[in-house]
Amino acid sequence: MRMIRNPVPWPDGATCAVAFTWDVDAESVLQIDHPETAHRRIFSLSAMRYGPEISVPRICDIFAEFGHKSTFYVPTWVAERYPAAMERMVGDGHEIGHHGYLHESPNLQSPEDEAYWFQRAHEGLEAITGQKIVGYRAPSFDVSPVTQSLLNDAGYLYDSSLMGDDVPYVMRENGRELIEIPATIIHDDWPHCSHNWDLGATNQISTPSRAKELYLSEFDAVCDDGGLWVGVWHPWISGRPARARMMIEMIEYMEKRAKCWFAPLKDIAAHIAKITADGSWTPNVHEMPYHAGKLAEWDKSTWRPAAGKVAATGD
Ligand SMILES: [Zn+2]
């Protein structure tokens, strides 16, 4: 039985689009969680610096071996501090996406603060990469009610922070639209493999084979049906040797199992924009916001018992 109700006609007859995307957070998450003491938490700093310094070259080597391009979301503070990693990712032709300035959560900020950090991150990332930045993933997926308007104002092509469908969809807000390329927490390595008490991540660490089983079970369910598989991985977690080897095994399996299109998310979004414009495919549209504010139902005075359901007469 087909799982995808509106399968996407991917390029060249591919039956699935695949993107192993990476959130290159380095120590930004630690700095946000512990701004006063992060500099003293040297063990965690070392573990997270491993991402851009050790994992990014390894990941780029693997992608180069397969001839794949993907997307790396980089907080601009990280981009400023790791020029060698940036040169490698950009030099290899990968897309760099906006991921906040210091991994600040948009929905924990005022609209004014969110706009400030968004713009600072955007301008800095374009200056460092020389790329036009068109893709966004909110730090910790924490999209706020004003994030879409910032992305629309800045001319972004897509967001990839949300999980409202199996395939790309459109968010329409105040007459403006933005493509959403959804992932799922099942494809995120954080719940399966992260373990760091400074970050409050004390999950039992999954074996690479167990994580791979979860990732591929989702892929198997959609790979013949015009589906989408987007991994949300972190270099300091999944760039370690055994997990990087697992990614190689996954790519080899995917290439054999289905006709896959491996692409950065900006290319996937551009394809969605094209087939939507020419009428060959129709995305689902989400009218935003989902809720204008706190639900009126929380006001107890608004409720009355339903007529005819209150009293039983007994016979
Ligand atoms: Zn992140």
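**Backbone features and helix packing in the predicted model**

Asparagine 174 is situated in the loop that connects strand S6 (169-173) to strand S7 (176-180). In this model, which is a predicted one, asparagine 174 has a relative accessible area of 75% and is therefore classed as exposed, the cut-off for that class being over 50%. The phi angle of asparagine 174 is positive, at about 50 degrees, although the residue is not a glycine. Most residues other than glycine have a negative phi.

Histidine 103 is one of the residues touched by serine 28, whose contacts, when residues up to four places away in sequence are not counted, are with Pro75, Trp77, Val78, Leu102 and His103. Serine 28 itself is placed in helix H1 (residues 28-33), and with a relative accessible area of 0% it is buried. The side chain of serine 28 reaches the backbone oxygen of aspartate 25 at a distance of 2.6 Å.

A further backbone feature concerns the peptide bond between methionine 288 and proline 289, which is cis, with omega at about 0 degrees. Most peptide bonds are trans. Proline 289 is located in the segment that follows strand S12 (285-287).

Turning to helix packing, helix H2 (residues 42-66) packs with helix H10 (residues 241-257) at an angle of about 25 degrees, and the axes of the two helices are 11 Å apart. Because angles under 35 degrees count as roughly parallel, H2 and H10 are described as roughly parallel to each other. The crossing in which H2 passes H10 is right-handed. On the side of H2, the contact is made by Tyr50, Arg58, Ile59, Ile62, Phe63 and Phe66, while H10 contributes Pro241, Ala244, Met247, Ile248, Ile251, Glu252 and Glu255. Of the residues in this contact of H2 with H10, 10 are nonpolar and three are charged, with no polar residues.

Helix H10 also packs with helix H8 (residues 208-222), the axes of H8 and H10 coming within 10 Å and crossing at roughly 25 degrees. This angle makes H8 roughly parallel to H10, and the crossing of H8 and H10 is right-handed. The contact involves Pro208, Ala211, Lys212, Tyr215, Leu216, Phe219 and Asp220 of H8, together with Ala242, Arg243, Met246, Glu249, Met250, Tyr253, Met254 and Arg257 of H10. When the residues are sorted by class, the contact of H8 with H10 has 10 nonpolar and five charged residues, and no polar ones.

Key
Residues numbered from 1 in each chain as written. Predicted model: local features only at pLDDT ≥ 70, side-chain atom pairs only at ≥ 80, totals over all residues. Heavy atoms only, no water. Axes fitted to C-alpha atoms, helices over the stretch in contact; angles between N-to-C directions. Helix = DSSP H or I, 4+ residues; strand = E, 2+ residues; numbered from the N terminus. Parallel < 35°, antiparallel > 145°, perpendicular 65-115°, else oblique. Left-handed = near helix turned anticlockwise from the far one by under 90°. Contact = heavy atoms within 4.5 Å. Nonpolar A, V, L, I, M, F, W, Y, C, P; charged D, E, K, R; others polar. Buried < 20%, exposed > 50% of the residue type's maximum accessible area, 1.4 Å probe, protein only. Polar contact = N/O pair within 3.5 Å; in protein donor to acceptor, adjacent residues only side chain to side chain.
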